[in-house]
Amino acid sequence: MSILVNKSTKVLVQGFTGSQATLHSEQSINYGTNIIGGVTPGKGGTEHLGKPVFNSVAESMELQPNAALIFVPAAFCKDSILEAAEQGIPLIICITEGVPTMDMLVVKNKIDQLGITLIGPNCPGIITPDEAKLGIMPGDIHKKGRIGIISRSGTLTYEAVKQTTDLGLGQSSCVGIGGDPIPGSSFIDMLALFNDDPDTDAIIMVGEIGGNAEEEAAKYISNHVNKPVISYIAGQTAPSGKRMGHAGAIIAGGKGTAEDKMKTLQSAGVHVVDNLLEIGIRTQQVLD
Amino acid sequence: MNLHEYQAKQIFADHNLPVSKNFLVTNSKEVKKAFNVIGGDKWVMKTQVHAGGRGKVGGVKLIDNIEDGIKFTNQWIGKRLISKQTDEKGQPVSVVMVEPCIEIEKELYLSAVVDRSAKAISIIASGEGGVNIEEVAETNPEKIFYEKIDLIIGPQPYQARRLSEALHLDAQQSNEFWNLFKNLVKMFVDCDMSLVEINPLIITSEGHLHCLDAKVNLDSNALFRQSNLANMRDLSQEDPQECEASNHDLSYVSLDGNIGCMVNGAGLAMGTMDTIKFYGGEPANFLDVGGAATKERVAKAFKIILNDPKVKVILVNIFGGIVRCDLIAEGIIAAVKETELVIPIVVRLEGNNSKLGSDMLQKSSLAIESDNDLENAAKKAILLAE
């Protein structure tokens with residue numbers, strides 16, 4: 001078991017023939033991911049990476065995809081997400097960085113109405129080690145195991161993955177929910193899935209400054225999560241009022257500091273580490 | 001992206017929000033004309049900078065004669081305004097806005113923000129205007145009222161009625177408020193704003209609603225479709241280093257320490273700063289060099305970090321995901337040679353081909369210390385910075 005994706009997930013890539021999509025789709029296929037084809041308007045009927053290309057998501061539905069992986073430029077993400085949602089694809093992953101917030105406000109409300117899961121945008125994607133890789137993460141640092149990882153940051157996810165792999169713990173699934181102010185899925189959505197997954201023993205949650213997703217997660221954890229949660233919050237040294245790379249990583253009006261988040265998580269029973277190098281080791285200690 | 005008050009008010013006027021007409025002066029010779037155009041016998045002069053707290057340091061003044069207007073202009077144009085909300089250098093003043101003086105009956109507060117947890121636009125109103133709203137939120141949260149706008153439905157009259165009642169507006173003002181409310185939301189959406197703050201929104205002595213101040217932030221991710229607004233960017237108000245970095249698609253924020261950081265990924269860049277601090281050092285900056293750390297980007301990043309004279313050592317922390325660490329090592333070696341780097345550099349490479357990458361760095365005979373353990377690398381950098 002795992003969450004969201006496994007080796008039977010049938011993946012449709014939107015923006016399939018673009019350079020980023022090509023690079024990462026190729027790696028995903030090599031990893032063993034079941035990519036069934038892709039969409040690039042105007043290139044329908046051709047083949048790419050040995051898979052069929054369609055003009056629209058609707059045309060591709062004959063292959064019954066149950067996940068869409070989006071690599072289109074930021075200006076077209078709203079369109080691509082809504083197109084996949086209209087066809088009822090239950091899981092949509094948007095890798096692209098730089099999607100306007102106003103687009104995401106509409107998209108988020110719409111996909112919630114339709115009951116569709118959106119991961120991202122501005123994220124590395126999802127991986128279930130040895131089964132499926134829907135995203136841009138390096139496959140070879142992962143190892144099949146029993147730790148679930150959720151993170152707002154790409155490279156910090158890789159840090160947590162590497163540490164748990166080196167310790168032999170491995171991962172059940174890893175989800176990058178992305179660094180934007182309005183993400184498709186929250187920490188809570190993923191905590192719920194990992195909590196119900198019989199093959200996940202502990203959950204690592206990597207947060208960062210800005211917003212209050214970690215505080216909301218803390219409340220959820222104390223009420224609903226019965227597995228140990230280990231957390232690291234990036235940006236303890238970040239100044240107020242400055243955007244730290246990610247669109248959502250900003251301390252606004254004194255709100256959203258790492259210190260507040262760490263305190264709130266701690267009082268919710270989360271194992272908070274203040275050094276990112278201790279994520280793996282603390283997870284191991286908690287499980288022993 | 002931030003706008004000046006005069007720019008925000010121009011957009012307000014374009015969206016039928018009630019603002020005064022204004023006139024901009026950039027030197028004292030224009031004051032007389034400004035006063036004539038605006039008319040009346042009292043004027044408000046406001047320095048235009050990307051920072052609040054102007055009034056408390058004399059950057060906003062009520063003026064009733066031309067001599068004082070000239071004096072105010074000479075006092076500010078070409079100078080820097082330092083307030084509670086600026087750094088110690090302050091923000092440069094190149095424009096002063098002149099507006100008619102308006103008699104105030106009551107000051108209110110109105111703002112619109114992207115509400116991250118409700119996934120909506122939040123309209124925030126209070127009868128306590130002209131003061132720091134964060135303080136009101138702390139001390140008297142019951143005096144602040146919220147309406148959430150669902151973007152699929154849009155703003156509704158009952159929401160405006162609810163706020164009008166909370167603000168104790170009369171029938172005429174409630175009508176004005178509905179117009180203001182829906183035009184505010186339309187402007188917010190059409191212009192891809194992330195924050196609008198009207199503090200104060202006033203009731204004039206004639207009983208009308210009027211936007212006395214205007215603060216606007218735009219969503220930088222949407223500037224590609226807001227070219228008119230993108231053109232309003234005033235680089236003089238931004239940190240020159242951060243501007244230079246953003247022109248090269250590098251994300252940079254300067255800090256007070258002496259250990260320069262170059263990292264791939266925003267989260268790991270913050271994590272690296274935290275790690276330096278954890279082991280007792282002080283980071284000099286946040287810098288996300290991005291996924292494709294090519295020679296050109298690395299060289300540019302080094303130059304930006306080195307513009308800060310406080311930097312005594314550079315810590316490079318790269319997690320090679322899709323990008324191979326040997327290619328990054330190549331980029332670092334070339335960039336060190338090209339920039340004729342004289343300060344020590346400590347490199348931590350992890351991930352794809354990291355062993356090969358560090359071997360290349362060690363063999364390069366440059367002053368590069370390589371350690372693939374982040375704890376060791378951070379400690380080395382801290383030692384070298386002392």
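What percentage of the 386 residues of chain B count as buried? The share is 53%, where buried means under 20% relative accessible area, exposed over 50% and partly exposed in between, with a 1.4 Å probe and protein chains only. The model is predicted: local features need pLDDT of at least 70, side-chain atom pairs count only at pLDDT 80 or more, totals for chains, interfaces and linings use all residues, and side-chain values use heavy atoms, with hydrogens and water left out. Residues are numbered from 1 along each chain as its sequence is written, while chains are lettered from A and ligands numbered from 1 in the order in which they are written.

**Chain B**

- The C-alpha trace of chain B spans about 80 × 50 × 40 Å along its principal axes.
- Chain B contains 13 helices and 18 strands; helices (H or I, at least four residues) and strands (E, at least two) are DSSP runs, numbered from the N terminus.
- Chain B is assigned domain 1 (1-19 + 103-238), domain 2 (21-101) and domain 3 (240-385), with bounds that come from an automatic or database domain assignment.
- Between the C-alpha centres of domain 2 of chain B and domain 3 of chain B the distance is 44 Å.
- Among contacts in chain B with a separation of 6 or more, 66% join residues 24 or more positions apart; contact means heavy atoms within 4.5 Å.

**Domains of chain A**

- Chain A comprises domain 1 (11-119) and domain 2 (137-287), and the C-alpha centres of these two domains are 26 Å apart.
- Ten residues of domain 1 of chain A contact twelve residues of domain 2 of chain A.
- These two domains of chain A bury about 850 Å² between them, with 59% on carbon and sulfur atoms; buried area is the accessible area (1.4 Å probe) that two parts lose on being put together, summed over both.
- On the side of domain 1 of chain A that touches domain 2 of chain A, α4 (101-114) and β7 (117-119) of chain A each supply at least two residues.
- α4(A) gives the most to that side, with five residues.
- The residues of that side of domain 1 of chain A are seven nonpolar, two polar and one charged; Ala, Val, Leu, Ile, Met, Phe, Trp, Tyr, Cys and Pro count as nonpolar, Asp, Glu, Lys and Arg as charged, and the others, Gly among them, as polar.

**Interface of chain A and chain B**

- Here 58 residues of chain A are in contact with 46 residues of chain B.
- Chain A and chain B bury about 4,000 Å² between them, and carbon and sulfur atoms give 65% of this area.
- The interface holds four salt bridges, each a side-chain nitrogen of Lys or Arg within 4 Å of a carboxyl oxygen of Asp or Glu.
- B:Arg348 and A:Glu159 form a salt bridge through their side chains, at 2.6 Å from N to O.
- On the side of chain A that touches chain B, α1 (19-31), α4, α5 (154-166) and β13 (229-234) of chain A give two or more residues.
- α4(A) gives the most to the side of chain A that touches chain B, with nine residues.
- That side of chain A consists of 27 nonpolar, 19 polar and twelve charged residues.

**A:Asn195**

- A:Asn195 lies in helix α6 (residues 187-196) of chain A and is buried, at a relative accessible area of 13%.
- Beyond neighbours within four places in sequence, A:Asn195 contacts A:Ile203, A:His224, A:Val225, A:Asn226 and A:Lys227.
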